[in-house]
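Colleague: I have a new model open on my screen and would like to walk through it with you. Could you take my questions one at a time?

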Amino acid sequence: MRKTLLALLGAAAMTGTIATPASASVQETREFVGHGSSDFGLALFHARHDARSQAERAGFTDCEEYHKLILSPYTATVFWRCTR
């Protein structure tokens, strides 16, 4: 049940793109979802690392965490919005 909820949240975040108004400078915005789990209560740390890794692989460096979902100290999901 929990994995299904996380999968649905992740899919919704990945398909929902941010529409930016046309301007003189072209700025690309993208959202990343990081998932983390830990037996030692470090789930949020691992989720942030996962989102950061995804953003860096895609070439995004300017990111902000706009939402985090902490289901327990052992499971967390973070949502990042990045621009370049």
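**Salt bridges, disulfide and core**

Modeller: Gladly, and let me start with a pair I like: E31 and R81 form a salt bridge, with their closest N and O atoms 3.6 Å apart. Since E31 sits in strand β1 and R81 in strand β3, the pair ties together parts that are 50 residues apart in sequence. Please keep in mind that this is a predicted model.

Colleague: Thanks! Is E31 buried or exposed?

Modeller: Buried means under 20% relative accessible area. E31 has a relative accessibility of 10%, so this residue counts as buried.

Colleague: Let me step back for a moment. In what order do the elements of the protein run from the N terminus on?

Modeller: The secondary structure comes to two helices and three strands. Helix α1 covers 2-15, strand β1 covers 29-37 and helix α2 covers 43-57. Strand β2 spans residues 62-72, and β3 spans 75-83. From the N terminus on, that gives the order α-β-α-β-β.

Colleague: Back to the charges, then. How many salt bridges does the count come to?

Modeller: Besides E31 with R81, E28 forms a salt bridge with R84, the closest N and O atoms being 3.0 Å apart. R48 also pairs with E65, with 2.7 Å between the closest N and O atoms. The count comes to three.

Colleague: How many residues apart in sequence are the parts that E28 and R84 tie together?

Modeller: E28 is partly exposed at 36% relative accessible area, and R84 is also partly exposed, at 44%. The salt bridge joins E28 to R84. E28 is in the loop between α1 and β1, while R84 is in the segment after β3, so the parts tied together are separated in sequence by 56 residues.

Colleague: On to the cysteines. What is the handedness of the disulfide of C63 and C82?

Modeller: The structure holds one disulfide. C63 and C82 form this bond, their sulfur atoms 2.1 Å apart. C63 belongs to strand β2 and C82 to strand β3, so parts 19 residues apart in sequence are tied together. The torsion about the S-S bond is about 110°, so the disulfide is right-handed.

Colleague: Which of its two cysteines is buried?

Modeller: The cut-off for buried is under 20% relative accessible area. C63 has 27% and is therefore partly exposed. With a relative accessible area of 0%, the buried cysteine is C82.

Colleague: Which elements give two or more residues to the largest nonpolar core?

Modeller: That core has ten residues, among them F32, A47, A55, F60, W80 and C82. The elements that give two or more residues to this core are α2 and β3.

Colleague: Which residues does A55 touch, leaving out those up to four places away in sequence?

Modeller: A55 is itself a member of the largest nonpolar core. With sequence neighbours up to four places away set aside, A55 touches F32, F60, C63 and C82.

Colleague: I also noticed E64. How far apart in space are E64 and W80, C-alpha to C-alpha?

Modeller: E64 lies in strand β2 and is partly exposed at 46% relative accessibility. Its contacts beyond four places in sequence are F79, W80 and R81. E64 and W80 are 16 residues apart in sequence, and their C-alpha distance is 5.5 Å.

Colleague: One last item, on the surface. What accessible area do F40, L42 and F45 have together?

Modeller: L42 lies in the loop between β1 and α2 and is partly exposed, with 43% relative accessibility. F40, L42 and F45 form a nonpolar patch on the surface, and their accessible area together is about 400 Å².

Notes. Residues numbered from 1 in each chain as written. Predicted model: local features only at pLDDT ≥ 70, side-chain atom pairs only at ≥ 80, totals over all residues. Heavy atoms only, no water. Patch = residues over 30% accessible without salt bridge, like charges linked within 9 Å, V, L, I, M, F, W, Y side chains within 5 Å. Areas by Shrake-Rupley, 256 points an atom, 1.4 Å probe, with all protein chains shown as cover. Salt bridge = Lys/Arg side-chain N within 4 Å of Asp/Glu carboxyl O. Helix = DSSP H or I, 4+ residues; strand = E, 2+ residues; numbered from the N terminus. Buried < 20%, exposed > 50% of the residue type's maximum accessible area, 1.4 Å probe, protein only. Contact = heavy atoms within 4.5 Å. Core = buried A, V, L, I, M, F, W, Y, C linked by side-chain atoms within 4.5 Å. Disulfide = S-S within 2.5 Å.
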